[in-house]
Amino acid sequence: MSYKFLQNLPLFGELEEAEQIEIWTHVITRSYKKANIILFEEDPGDSLFIIKEGKVKITRLSEGGKEVILSILGEGEFFGEMSLLDGESRSANVIALSDCEVFVLKRDKFLDILKTSPQIAITLLEELAHRIRMSDQQIEYLSLADAENRVAMTILRIAEESGTFKMGQVSIAELPMQQDMANMSGTSRETISRVLSDFTEKGYIDRKGKKLIILDYERFKSDFSKSL
Ligand code: CMP
């Protein structure tokens, strides 16, 4: 693995090669097994993480100890920036959804880079704005009474974040596990299973193993986002 990996990352891709080489000397790699906890909510934060391989979920626990999934992040995406920026403790748990390899950059180095590179600061702000937008949508759809609508909105979110759009259809290569979808939608695994079967019967989606295809994205979106 060389510094060239940084060239493919939204956060560091725009930097001069010399700067990438310099940053690379401060990066360490860590591996986590599926289901390992990478960060604990409330721990102090002193480093930024960038996903080299795998997927993680960002979670918090509700009063009753139920897991709520705020987001799922994949290759090339970063986490752990919030406590570096505001000096507070970690805002959420981060758990490996698959075996993961991550790059870790210490706080001081990351803040130095931010000070010298306005482009990185802008990319970071763009991503933070995107995450607030997603969270706003999630707050809105979790308030919907109807579980079917909440599940539909979760599928749309996954489609927008990781789907492949082609000729009006969207293909999601690997749908999260049903329990994780339930924890994103504020419902139960049984409801996810029932609603997915129902959507298949109604011709909204098609499923093969972990793959899900939204057969007519515009129709699916307009039938369900109008409930917001
Ligand atoms: P930090 O608070 O340092 O540690 C937990 C990390 O989870 C946090 O930084 C963010 O990187 C990430 N995180 C927290 N809330 C969200 C969210 N709503 N969407 C995406 N990522 C989040």
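Author: E174 is partly exposed, with a relative accessible area of 45%, while K210 is exposed at 54%. Here buried means under 20% relative accessible area, exposed means over 50%, and partly exposed lies in between, using a 1.4 Å probe and protein chains only. E174 and K210 form a salt bridge, their closest N and O atoms being 3.8 Å apart. E174 sits in the loop between β10 and α6 and K210 in the loop between β11 (205-208) and β12, so this pair ties together parts that are 36 residues apart in sequence. Strands are DSSP runs of E with at least two residues, helices are runs of H or I with at least four, and both are numbered from the N terminus.

A word on the background: this is a predicted model, in which local features need pLDDT of at least 70, side-chain atom pairs count only at pLDDT 80 or more, and totals for chains, interfaces and linings use all residues. Residues are numbered from 1 along each chain as its sequence is written, and side-chain values use heavy atoms, leaving out hydrogens and water.

The whole structure holds 15 salt bridges, each a side-chain nitrogen of Lys or Arg within 4 Å of a carboxyl oxygen of Asp or Glu. Another one joins K57 and E67, with closest N and O atoms 3.0 Å apart. K57 belongs to strand β4 (residues 56-61) and E67 to strand β5, so the bridge links parts ten residues apart in sequence. K57 is buried, at 11% relative accessibility, and E67 is buried too, at 18%.
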